[in-house]
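Here is a short briefing to read alongside the structure.

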Amino acid sequence: MAQMHIIQPKAQILDRESYPYPASDMAQVDFKPLAFYRARFWKPKRWQPSHAPTQAPLTQGLNPTLRIATYNIWFENRNNAVRHREILRILGSPAVDADIICLQEVTPGFLASLANDLSIQRDWVCSDLTGAGHGEWHGCLVLFNRRTVVARRITVVGMPGGEVAPSERRMTVAEVDGVTNTRTAGMRGMRVATAHLQSPGMHRAEAARARQVREAYTILTSTGMKTPSNNIEPETTMSNSNTPSGVFCGDTNLCLDGENEIPTKVGFRDAWIQARNNPYEGHTINVNYPTKYAPQRIDRLFTVGDVFAIKAEIFGGDTISSQFPDSTIKEYPSDHLGVVAEFRIQNGVTIP
């Protein structure tokens, strides 16, 4: 069996003056989407920059739909052999049925499991398999369904901290197009971003989370974006909205009194509530592994522009086996539950 090589995507450090997002003072890095290519003649099978076009042809579709899942997969070194396998199975299951999957607390060990999984190699394109975009020893990863979306651009953006000093947290931002003859047909220039906001207990964590939410909104709604690989002129817009459309999701850690109002104050819409779910349900933490703290809904998806949530569900609550046969402790894929939401995109999407 030929050895599989994981190669580092070419990254370009952009200074703030040349970068199109009016974001933080951190450096931003562009990544090329990674796809797995089977061995051909003398070339080994490996992950390498995707051969997909940087801009997909304009597809036809009336109000396309898009399914996005967010899942904190837990960086804990616990039952990993079973957990990693179960997480990958869940993500590819019909119950999730996602076009884009946003993961947080991705560790080097999980990256190795994912890179060698046959179903991932066959069905998904990855934002990064090197961990180069992680600000810490764990970070975020985005998966794109090969059949339904084309990743046009992937950028890792530094997030602000609670004070002047920057945070080690990063946000992964992607721009995606739909694919003809799928539910996403007609979607173009959709922005999807994911991050793991500052954890409770850290210095000035509440202030940091507030700044990070504002940063996410600023990035998703910035206009007049021009990239090295693709220039989008205002005349190509498919939406009448003056605000670019997108989804921000991840582990928000918004757990203190009053923090629930932060996203809506900056302009986000909560997908769970927009999909007509009970705002006091949908808890994602302190559920699988109860603690002294009450269950909370901290893993969320937010929309801006012409993107509207029509359905949102929880997944990842079933017990799994333990790699230790004599263990009597109930094990789960993660200490978090995941959330998958279905969105309707009004008249397609593009960046004005």
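In this predicted model, helix α1 crosses helix α2 in a right-handed sense.

**The α1 and α2 pair**

- Helix α1 covers residues 80-91 and helix α2 covers residues 108-115; they pack at an angle of about 55°, and their axes are 10 Å apart.
- Because of that angle, α1 counts as oblique to α2.
- On the α1 side, the contact is made by His84, Ile87 and Leu88, which meet Gly109, Phe110, Ser113 and Leu114 of α2.
- Sorted by class, this contact between α1 and α2 has four nonpolar and three polar residues, with no charged ones.

**The cavities**

- How many cavities of 30 Å³ or more does the structure hold? There are two cavities of that size.
- The largest cavity has a volume of about 150 Å³.
- Its lining has 16 residues, and those closest to the centre of the largest cavity are His134, His138, Gly139, Cys140 and Arg170.
- Two elements, β9 (139-145) and β11 (166-178), each give two or more residues to the lining of the largest cavity.
- Strand β11 provides the largest share of that lining, with four residues.
- By class, the lining of the largest cavity comprises two nonpolar, eight polar and six charged residues.

**The largest pocket**

- For the open space, look to the largest pocket, which holds about 420 Å³.
- Which residues lie nearest the centre of the largest pocket? They are Pro200, Asn253, Ile285, Ile298 and His336, out of 20 residues that line the largest pocket.
- The lining of the largest pocket has eight nonpolar, eight polar and four charged residues.

Definitions and conventions
Residues numbered from 1 in each chain as written. Predicted model: local features only at pLDDT ≥ 70, side-chain atom pairs only at ≥ 80, totals over all residues. Heavy atoms only, no water. Axes fitted to C-alpha atoms, helices over the stretch in contact; angles between N-to-C directions. Parallel < 35°, antiparallel > 145°, perpendicular 65-115°, else oblique. Left-handed = near helix turned anticlockwise from the far one by under 90°. Contact = heavy atoms within 4.5 Å. Nonpolar A, V, L, I, M, F, W, Y, C, P; charged D, E, K, R; others polar. 1 Å grid on protein atoms, 1.4 Å probe; cavity = no way out; pocket = protein on both sides within 12 Å on 5 of 7 lines; lining within 4 Å. Points joined across faces, edges and corners; volume = space filled by probe spheres on them.
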